[in-house]
Amino acid sequence: MIVIDSEYKLPLFEKVSQTAFEALELSGDCYVEVDFVSEGEIRALNKETRNVDKVTDVLSYPALYEIMPFTVSNYPYEYNSETKSVGLGSIVICEAVAKSQAEEYGHSEEREKAYLFLHGLLHLLGYDHIEDDDKKIMREKEEEILNRLGITRE
């Protein structure tokens, strides 16, 4: 199971993470830190961590190099004994960009935030979209998981 560690209580993210966990056939327990930031904050993070001086919608900071069952024996240094789970990493979402993109794409803010969270989560789990083949796989996973939840582009 994936637990969301955020000051914001977002049942939507919990549903997305649970569905992703099942769809990707993951096992064990892990947690993800999620934060919402301003355009200025995400631009600064993007510049500092990726050397890209522009506003973006979501950033992911993986804590793991390899994904395997989330157990203390597989991840002795990433395991949190208080939460009894493995730290997967952090996702940072720019709320203003999410709102703007929802309007641009003609769907709800809820759908956009679900997509951005899932996109970030997949990055934490080792998915990427730099190469076309990898991008196709990642997009298929995103659509599969959102469709399972009934979260469509409409």
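Guide: A salt bridge here is a side-chain nitrogen of Lys or Arg within 4 Å of a carboxyl oxygen of Asp or Glu. Bear in mind that this is a predicted model.

Visitor: How many salt bridges by this rule?
Guide: The count comes to eight.

Visitor: What about Glu 143 and Arg 111, what do their side chains do?
Guide: They meet in a salt bridge, 3.6 Å from N to O. Glu 143 lies in helix H5 and Arg 111 in helix H4, so the pair ties together parts 32 residues apart in sequence.

Visitor: Is Arg 111 buried or exposed?
Guide: Arg 111 counts as buried, at 4% relative accessibility. Glu 143 is partly exposed, at 24%.

Visitor: And which residues are linked in a network of salt bridges?
Guide: Glu 95, Glu 109 and Lys 113. The Glu 109 to Lys 113 bridge is 3.9 Å, N to O. Those two are four residues apart in helix H4, about one helical turn. Glu 109 is partly exposed at 33%, while Lys 113 is buried at 16%.

Visitor: Switching topic. Which residues form the negative surface patch?
Guide: Asp 128, Glu 131, Asp 132, Asp 133 and Asp 134. Asp 133 is found in helix H5, residues 132-148. Its relative accessible area is 62%, so Asp 133 is exposed.

Visitor: Cysteines next. How many disulfides?
Guide: The count is zero. Cys 30 is buried at 0% relative accessibility, and Cys 94 is buried at 0%.

Visitor: Last one: where is His 107?
Guide: His 107 sits in the loop between helix H3 (95-105) and helix H4 (109-124). His 107 is buried, with a relative accessible area of 8%.

How values were computed:
Residues numbered from 1 in each chain as written. Predicted model: local features only at pLDDT ≥ 70, side-chain atom pairs only at ≥ 80, totals over all residues. Heavy atoms only, no water. Disulfide = S-S within 2.5 Å. Buried < 20%, exposed > 50% of the residue type's maximum accessible area, 1.4 Å probe, protein only. Patch = residues over 30% accessible without salt bridge, like charges linked within 9 Å, V, L, I, M, F, W, Y side chains within 5 Å. Areas by Shrake-Rupley, 256 points an atom, 1.4 Å probe, with all protein chains shown as cover. Lys, Arg positive; Asp, Glu negative; His and termini not counted. Charge placed at Lys NZ, Arg CZ, Asp CG, Glu CD.
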